[in-house]
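Please examine the sequence and the model shown here.

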Amino acid sequence: MTALTDPLADAFWATSLRRWNAVCWLLFGAMAVGLVTTAPPGGSTYRALALLGCVVLSYGVLDRFPGNPVVRPRVYLSVLVLALGGLAYLGGSYAALFMVTLPHYWMFGRTPRMSMTFLGLAAGATLTGALAREGWSAEFLGETMVSILIVVAVGVLIGLWAHSVVAQSSERARLIEELERTQAELSEAYQRQGAADERERIARDIHDTLAQGFASIIVLAEAARAAVPDDPARSAHQLRSIESTARENLAEARELVASGRQPGPGGVAAGSVARTLRRTLDRFAEDTGLAVDADLADLDCDQQTRIALLRCTQESLANVRKHARATTVGVVLVRRPYGVELEITDDGTGFVVEESTGFGLDGMRKRLAELGGRLTVTSSVGDGTRILAVLPSAAAAEGEA
């Protein structure tokens, strides 16, 4: 398919045709008046008018009824070629008709090859008619042939230039359309990815907050129910813990619903990450009865780092509570030259890290990765577990600079 068969080329030629129509009808009328007034009356004048009338009639039908099945563009160009040959033979305004209709070969030929074919046929018919009338004379060689060849050469150059412009415009339009389509597809993909990321973030926040709280409530409720007959005081204490955990979960749920943003951990103020972790560890030790050995440096971290450290601690303690069957838990928070390290160890049963399919460890890894950090899990069956979270911090970055 050539460049001139696309909608842009069609629009170009349609616009050109409309603009040329007004000029063309005026020139046709001027040619007819010239034939009547300048040529002596006789058979040749009437025949020239008849040939011009055939051209005008064919052009008018094609212009007014472009979809008609009789006068198609190639039929009109064929009539034009025959009329030029006849007018050249009769000596009546063939040069003017050639000049007037020169754009028609490119408008109706539609392809460079077809346009140049009809243009060559027109030039040949004109030269043949003039040769039959004048013979091989100096006038024919010096005026008629040279002028016709100049007109054809100019027509070819202008037509090829116009086709080149339209082809470039068509290619540019195609590329722009393809770019717009690609941008739309990318935008849709970004929207889908954004929605998926948001769902994953919400799922991770629910897992790290509400799900862990509900798990604690279940464990405390089971322990309280078991201790009711033998230790009412302990049962009352566990019920208070259940109430406190439920209230915290309710606050987290309201924050999730109200803000739509990542929920901030309650009580995490600037520079208080050590105190927040200490409260979490004290609460864990009180609820589980496990020994907790904590060495927490008083660090000044940004909000996102504090939240990530707290969530990693909560998830690790929840795993200890549910799976480890440990007796002692160790927590170390320390500043390193490259950032902040949080290490959580237990002496529980351990597990095979490669076989772990839980959401918690994967959620911790993704949370730390979003902040440029990393999570290292070391464990084996019977040897306990070591969780190491490393996060870069703004202060550490400034120190390295």
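**From surface patch to sheet**

Val-146, Ile-150, Val-154 and Ile-158 together make a nonpolar surface patch of about 330 Å². Patches consist of residues with over 30% relative accessible area and no salt bridge, where nonpolar side chains (Val, Leu, Ile, Met, Phe, Trp, Tyr) are joined within 5 Å and like charges within 9 Å. A salt bridge is a side-chain nitrogen of Lys or Arg within 4 Å of a carboxyl oxygen of Asp or Glu, and accessible areas come from the Shrake-Rupley method with a 1.4 Å probe, only the protein chains shown counting as cover for residues. This is a predicted model, in which local features need pLDDT of at least 70 and side-chain atom pairs count only at pLDDT 80 or more, while totals for chains, interfaces and linings use all residues. Residues are numbered from 1 along each chain as its sequence is written, and side-chain values use heavy atoms, with hydrogens and water left out.

Ile-150 is located in helix H7 (residues 138-227); helices (H or I, at least four residues) and strands (E, at least two) are DSSP runs, numbered from the N terminus. Ile-150 counts as partly exposed because its relative accessibility is 48%; buried means under 20% relative accessible area, exposed over 50%, and partly exposed in between (1.4 Å probe, protein chains only). Ser-44, in helix H2 (residues 43-64), is partly exposed because its relative accessible area is 33%. Between Ser-44 and Leu-87 the C-alpha to C-alpha distance is 9.2 Å, with 43 residues separating them in sequence.

Helix H5 (residues 102-109) is mostly covered, with 7 of its 8 residues buried. Among them are Tyr-105, Trp-106 and Phe-108.

An open sheet is formed by 5 strands in the order E1-E2-E3-E5-E4, with mixed pairing; two strands pair if DSSP finds at least two bridges between them. Strands E1 (291-296) and E4 (374-379) stand at the edges with a single partner strand each, so one side of each has no neighbour in the sheet. On average, neighbouring strands of this sheet are turned by 10° against each other, direction ignored. Axes are lines fitted to C-alpha atoms, for helices over the stretch in contact, and angles run from 0 to 180 degrees between N-to-C directions.

Strands E2 (residues 328-336) and E3 (residues 339-346) run antiparallel and are joined by 8 bridges. Helix H9 (residues 273-288) packs on the sheet and touches E1, E2 and E3, its direction making about 175° with that of E1; contact means heavy atoms within 4.5 Å.
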